[in-house]
Amino acid sequence: MTRSVVRFLLGDKIQEIGNIDPTTTVLDWLRLHKRLNGTKEGCAEGDCGACTVVIGRIDGERVRYEAVNACIRFVPTLDGCHLLTVEHLRKRDGGFHPVQQAMVDCHGSQCGFCTPGFVMSLFALYLSEACPSEDRIRDVLAGNLCRCTGYAPIIAAARHMYELGDRSTDALVLTAEELNSRLNGGDKIASVFLENAGKRYFAPPTVESLADVLVANPGATIVSGATDVGLWVTKSQKILDSIVYLGGIPELRRIVETHDSLEIGGAATFADAEAALTALYPDFGELLRRTGGLQVRNVGTFGGNIGNGSPIGDTPPALIAIGATVVLRHGNERRSMPIEDYFIAYGKQDRRPGEFIERVVIPKPAPGTTFGAYKISKRFDQDISAVCGAFLVELSGGIVTRVRIAFGGMAGTPKRAAGAEAALTGKNWDLGTVAVAMEALRGDFTPLADWRASSEYRRTVSANLLMKFFNETTVGDPQTRLVGQRRITHA
Amino acid sequence: MPEGAPPNSFPQIRGGVHESPAHDSARKHVSGEALFIDDIPEPAGLLHVYLGLSEHAHARINSLDLTKVISAPGVVRVFTAADVGGKNDVGSMGLGDEPLLADRLVEYVGQPIFAVAAETRDQARRAVRLAEIDYEILDAVLDIETARPGGKLVFSPLQLRLGDSGAALATAKHRLSGRLKVGGQEHFYLESQAAIAVPGEDGDVTVYSSTQHPSEVQHVVSRILAIPAHAITVEARRMGGGFGGKETQSNLFAVVVALVAQRLGRSAKIRPDRDDDMIITGKRHDFEMDYEIGFDDDGVIDGVEMVLAARCGFSADLSGPVTDRACFHADNCYFYGNASIRSQPLKTNTASNTAFRGFGGPQGVMVAERIIDEIAYAVGKDPLEIRKLNFYGTTDRNVTPYHQTVGDNIIQGLVADLERSSDYQQRRDTIRAHNATNPILRRGIALTPVKFGISFTATQYNQAGALVHVYADGSIQLNHGGTEMGQGLYTKVAQIVAEEFQVDLDCIRITATNTGKVPNTSATAASSGADLNGMAAQAAARTIKQRLAAFAAEKWGVTPEDIVFAAGTVSAGTESQTFTALVGQAYQSRISLSATGYYKTPLIHWDRAAGRGHPFYYFAYGAAVAEVTIDTLTGEYRVDRVDILHDAGRSLNPAIDRGQVEGGFVQGMGWLTTEELWWDDKGKLRTHAPSTYKIPACGDCPPIFNVRLAEGIENRSETIHRSKAVGEPPLMLAACVLHALSDAIASVADYRLCPRLDAPATPERVLFTIEDLRQRNATGKPEP
């Protein structure tokens, strides 16, 4: 069955919306339609967190409450969700939620413009974790920018809030059953189809129906977290005629561990995959930790990250080095290819009309394998790489039997360093070989100069990363990392 | 950290001076109830305005075809320079070099050419894209390097001269020269520029503006619309951050909506997208600073000569005073004896650079600290030793290059205290030992001081007014000329009034800054907000208090001097009454309960042509130590620990002042490290959003961050409750981060060469400075 309205809870009020431009952002809807002005627009690109809201979505028996950027989230994607904004936090008696009180007590606001966003990020943390570490607090808040305080009082508030309330009974939290019944559940498996002012919105509930919708609408824009597509709307004011939303397909965000691989659904978010990937490749986990802010990781997907064909990518360099494959599906036909083959040229990928990324298959590390990944950016957290390098080497008796090196930010696509790989293969894994490979690496790319880095820095640092990787594989406990607790993988 | 009455046996008011009540809007901030411009309920029929911008850095407009714009859905009208009835100039100084809308000539990428008024913001934005403009491209001067040879200035340069620098350099035992480059900085206030104009009768207009300077908005609206100031009311309740970026840069946005409202008789609002805001508005000036110094074997400075060249952008804006302040602070805490310091405010085809927390002072401080670094490496000592050797004296060696005697110097004591409390020497030894055995990660440490002059250097701005009403029920309404941008000014001034009347802070209602209540105000800038407006509000409160005292004295048969206001009561001997009861009676007895207050800073004067005077009422001091780790393979780094000791005099509100110190430090750290402005070769700013322009994030806050306000220190000048200004000075504490990075880099050449690290010290710049240093070390070439 197909519904032509979306239904969700805003606070404790049911919203039923059919007549809306499908690319209306949650932020604009809140501010312009609902006159809920507590949620602010700071950047309209998901980078400052002033618009952070908390969205509860059904995950099995419970509702998972996550911080999300309202500025690049489209309203119809709220179907079946529980939307909470800063206006909903006050207790029924008018008193403050512990999160709000902690911010007041710790002098956590100055100008106050970013504050509602911080409050909502803290609220999501408060609901989901009991005693986050200092590092975790900083991670959770990395997607919220504050220009006034320098963050120290906000970090203090993140600790203090736990002293002010009882987490086990937050009045705002619903169970999956409660949310479903409030939304007259039971038709959760319905397709959603909206049409407004010539724009069409499809939200298929299953992979099968997704495949059908895309065959019928091969030119449609595929959207999950909209962390990229959202900017087409807010920044370029691009008109998207047809949108197909993947966020309502549970099976497409499934992560399955098999004997020799990890299969990540195309709509699995970074947050979904972090734990499983970290277990296999700790440095991959660290890379994910530094991808976007938490608001982005909560919604950004593997399929989207590969599909948008960024020359930098967040995951592609690591996926290429590991030897992952991507499985594309068109109707009932599937084809798979090494990730690197998916990227043909800048702005051009091997995805045919009507095709979608069904899953990414990540092989488990083979014995004797070492994997390291490094992201170089101006700022550690929530920045885009100037250079991202990923290295996988298999050694046997000190000889390099297999090596895969991939970089983002060095060419029009994420790309392997063929020359450096050749210089290493079959050689002794030693300083001399690495020096030769570093030289070869300089010849592998002719990187651009832009605002993230000069061409020369990209060349130099990419070669130096190979040296760093070598150091980390050969020296016992080298002090080589400034951030992150991860260690390179020795399988 | 709950607020409340201090543990005292006798009753006290809550929220008086020197206590730490929360920011007046804290509760509204956390509940989302605080109204910013875009949150104000819109008047019926409000139009939305968007600006059409130049795509070229320097070009003549041959034709401007707006046909498609005008016929776009929702568009009501399009405005160009021809629609400006008055003088087409939004510049703060009225020099005629900054049109509201460009007229035939564009001088930077992003300069507004036309404005669209439409029914919705989305429609106005879409319509703007439809303009067809034929440009004739002219040669553009984009940066300092290319601007220097032509030397076209936006303002006359300042020359400071003390002693005979030429002779001092000629006879000095050692002499060296160099250049420091320091980048600019985007304000990145979280709330973009925004304004609403509401038309009234008789051609009046009321403007709600996110501005640090309501009076200037009023004056510029008056200039553009050619109507007298009395027809214009400007109100500003709060800004979502200002940092100097809304001192003059708010003019354009406020004026354009005033123009639309006046012409169309409908309310109008503007709120540029973040990217457009960053492209249109000016930023902190980047500088190239050339220095030549002479010093003796110990490292004592004999003399300096400096030229401070700044990229000012296409118009003067505040670049004259900004580059002046750079010169005033190019001494930081050091006695030069003989000095020649000259500014070079260069015209470029970029957005017009403007005020930003520190107002040129930070760039000046950085060149002083570079000089210290140079000398330290030249004589082979810890830079901290060189700093101490050259500090201003307290009784001699205390004349600045602008001939003001430093009369309140406390830097020696602050630095000694911080050196001890931060365990500087011990940690420095540990770091040296670490670096000897770690090839990849190197650590560094530095302690840098700050001295910052307080007062507007334009003497006339050092005045303020306030308006206080006491209502018959005893409640008090407060208004003054200062604006609230998050710095807690409203809270502090309310504390001052509470203290004066001896009532609890919550008896005082703070109201929005409004040109109709207090006229002819100065910008809330130069850290002066509390100093000036606090004094004015105190004066207003005292006037009313004197009337109440006279009334009570007459009633009780005592003299007014016998009347005591304390903890909500008014008493004399055995007679006592609540403040509220007395006020009620005073009203019945026809006592005026409303008063204005006024203040002007004493003692200051400045003769710019002569380069002499006493421009600053006093100085604020501070010092900070940073410890960092750098990755010598990538240039990445991490700030591991920061210790700060800052002088806020007798702090009016220690919690708020601490917030200013921490926030200022982190903002300064961003300026010197990750915040890089990048223009392409066509003069287009490519770092115009948080995705490309990286201000510090939560993870950049130092994991160990020990911040102290200096205790037992009060302002030697008669400031409000002996406090000190605290808005800008802490930003410069961040110099220690750049110098700690420099210290870590120096390890790769065994601390023999000065790394000469420029700012912003992005990972790229750190790595290349390391490579440069290694090369210099290998070739064994001495300093050039």
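# A walk through chains A and B

Start by selecting R60(B): its bridge partner in strand 4 of chain B is L105(B). Before you click on, a word on the ground rules. This is a predicted model, where local features need pLDDT of at least 70, side-chain atom pairs count only at pLDDT 80 or more, and totals for chains, interfaces and linings use all residues. Residues are numbered from 1 along each chain as its sequence is written, while chains are lettered from A and ligands numbered from 1 in the order in which they are written.

**Stop 1**

Now show strand 2 (residues 59-65) of chain B next to strand 4 of chain B: they run antiparallel and are joined by 2 bridges. Helices (H or I, at least four residues) and strands (E, at least two) are DSSP runs, numbered from the N terminus, and two strands pair if DSSP finds at least two bridges between them.

**Stop 2**

Colour chain B by pLDDT, the predictor's confidence in each residue from 0 to 100. Its mean is 96, and 98% of the residues in chain B reach 70 or more. Residues 1-6 of chain B are below 50, and beyond near neighbours in sequence this stretch has 10 contacts in the model. Here, a contact means that the C-beta atoms of two residues, placed from the backbone, lie within 7 Å. The model's ipTM and pTM are both given as 0.97.

**Stop 3**

Select V257(B). Leaving out residues up to four places away in sequence, V257(B) touches V49(B), A195(B), I196(B), A197(B), A268(B), K269(B) and I270(B). V257(B) is also one of the residues touching the most other members in the largest nonpolar core, which has 410 residues; V49(B), V116(B), V260(B), V497(B) and L741(B) are the others named. Helix 15 of chain B gives the most to this core, with 12 residues. A nonpolar core is a set of buried Ala, Val, Leu, Ile, Met, Phe, Trp, Tyr and Cys residues joined through C-beta atoms within 7 Å. Buried means 20 or more other C-beta atoms within 10 Å of the residue's own, exposed means 12 or fewer, and partly exposed is in between, with C-beta atoms placed from the backbone.

**Stop 4: two domains of chain B**

Colour chain B as domain 1 (26-34 + 463-600) and domain 2 (403-457 + 614-784); such bounds come from an automatic or database domain assignment. Their C-alpha centres are 39 Å apart. Where they touch, domain 1 of chain B puts in 16 residues and domain 2 of chain B puts in 15. On the domain 1 side, helix 14 (489-501) and helix 15 (529-556) of chain B give two or more residues. Which of the elements gives the most to that side? Helix 15 of chain B does, with 6 residues. By class, the domain 1 side has 4 nonpolar, 10 polar and 2 charged residues. In this scheme Ala, Val, Leu, Ile, Met, Phe, Trp, Tyr, Cys and Pro count as nonpolar, Asp, Glu, Lys and Arg as charged, and the others, Gly among them, as polar.

**Stop 5: a hairpin in chain A**

Jump to strand 19 (residues 387-396) of chain A, where 7 of the 10 residues are buried. Strand 18 (residues 369-376) of chain A pairs with strand 19 of chain A in the antiparallel sense over 8 bridges, and T370(A) stands opposite V393(A) there. Strand 20 (residues 399-408) of chain A also pairs with strand 19 of chain A, antiparallel, over 9 bridges; look for A390(A) opposite A406(A). Where strands 19 and 20 of chain A form a hairpin, 2 residues lie between the strands, and G397(A) takes a positive phi near 60°.

**Last stop: where the chains meet**

Show both chains: their contact takes 65 residues from chain A and 67 residues from chain B. On the chain A side, helix 2 (98-105), helix 3 (115-128), helix 5 (152-160) and helix 17 (455-474) of chain A give two or more residues. Helix 17 of chain A gives the most, with 7 residues. That side of chain A has 32 nonpolar, 20 polar and 13 charged residues.
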